[in-house]
Amino acid sequence: ARTNNSKGGGPGRHPTSTPRNAVPGTPPGWPATAPAVITFGRGRYGAVRRELWEHRSIYIAPLAAAVLFLFAFLAGLTLSPAHRHQGIDTPYELSAPLIMGTAFIVWIFYSLDALYGERRDRSILFWKSLPVSDLTTVLSKFAIPVIILPLLSFAIAVVTQFVMLLLSSAVPMGGGLSSGTPWSQMSFFHTSLMLLNHFLTVHGLWYAPLYAWLLLVSAWAPRAPFLWAFLPPFVFWGLEK
């Protein structure tokens with residue numbers, strides 16, 4: 001919105017006028033930012049934040065699984081000292097697979113509903129009106145199961161295992177057992193590095209074609225995306241047999 005100082009249309013500009021590349025609707029005097037700058041600077045980060053805000057099961061489900069496992073582990077520590085240290089590494093090793101399995105189920109349902117849900121409730125029309133490209137939107141949804149969710153699950157699994165080690169070290173103190181026994185049996189840092197590698201390579205990169213297929217079905221299926229995603233592979237497998 002550019003104004004002249006005189007009715008004759010002189011070259012002067014109003015001191016509160018906005019620049020030519022300003023966002024439409026910006027009040028006079030406010031710092032204006034071009035849509036391209038918004039898309040480049042905030043588009044990808046904002047799109048990922050929107051996915052985490054709209055699909056809270058992404059982090060709630062792994063957290064719930066970790067809390068339930070910690071309660072079960074704490075109940076197991078109330079056993080007699082003779083049974084307490086028999087196979088103490090077994091629950092420690094089972095905590096990460098439990099969180100992995102819970103997160104994997106969440107990843108499947110998230111990928112199927114990522115675009116189908118927005119098409120169903122027509123909220124996609126609102127998001128397409130924003131200065132964010134379709135490529136940015138799809139890449140942000142693809143980054144959730146490939147990068148964001150593996151890192152979140154890894155962090156939850158590591159914290160869960162660390163709390164388990166603290167509990168197993170604190171409880172035997174009352175029974176006259178050495179508190180360093182659990183730490184001597186576990187290699188926490190080495191296990192954490194292997195767990196990070198497993199989350200990023202297997203659950204992230206290895207399953208990336210599966211996530212891409214689920215997102216494709218989510219963007220195309222008229223209804224029942226779960227059937228469209230899993231029924232054709234089973235049909236092809238049956239025909240091959």
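A residue is taken as buried when its relative accessible area is under 20% and as exposed when this area is over 50%, with partly exposed residues in between. In the predicted model described here, both W107 and Y211 are buried by this criterion, and the relative accessible area of W107 is 0%. The rings of these two residues have their centres 6.2 Å apart and their planes at 90°, so the pair is edge-to-face.

The aromatic pairs of the model number six. One of them is formed by F104 and W107, which are likewise arranged edge-to-face, with 6.3 Å from centre to centre and an angle of 75° between the planes. Both F104 and W107 lie in helix α4 (residues 89–113), where they are three residues apart, about one turn of the helix. An α-helix has 3.6 residues a turn, so residues three or four places apart point the same way. F104 has a relative accessibility of 22% and therefore counts as partly exposed, whereas W107 is buried. Together with Y207 and Y211, F104 and W107 make up one aromatic cluster.

The largest nonpolar core contains 18 residues, and those with the most contacts inside it are A157, M164, L195 and F199. Helices α2 (57–76), α4, α7 and α9 (188–206) each contribute at least two residues to this core, and the largest share, six residues, is supplied by α7. When neighbours within four places in sequence are left aside, M164 is in contact with F69, L70, F73, P91, Y92 and S95. Apart from this core lies another, of twelve residues, which includes W107, L149, A208 and L215.

Helix α7 (residues 134–170) comprises 37 residues and, at 1.5 Å a residue, should span 54 Å, which agrees with the 52 Å that separate its end C-alpha atoms. Within α7, a kink of about 50° is located at I144, shortly before the proline P145.

Backbone geometry also sets A224 apart for comment. This residue is found in the loop between α10 and α11 (225–240), and its phi is near 50°, a positive value in a residue other than glycine. With a relative accessibility of 35%, A224 counts as partly exposed.

Key:
Residues numbered from 1 in each chain as written. Predicted model: local features only at pLDDT ≥ 70, side-chain atom pairs only at ≥ 80, totals over all residues. Heavy atoms only, no water. Phe/Tyr/Trp six-rings, centres within 6.5 Å; stacked < 30°, edge-to-face > 60°. Helix = DSSP H or I, 4+ residues; strand = E, 2+ residues; numbered from the N terminus. Buried < 20%, exposed > 50% of the residue type's maximum accessible area, 1.4 Å probe, protein only. Expected span 1.5 Å × (residues − 1). Bend = angle between axes of the 7 residues up to and from the residue. Core = buried A, V, L, I, M, F, W, Y, C linked by side-chain atoms within 4.5 Å. Contact = heavy atoms within 4.5 Å.
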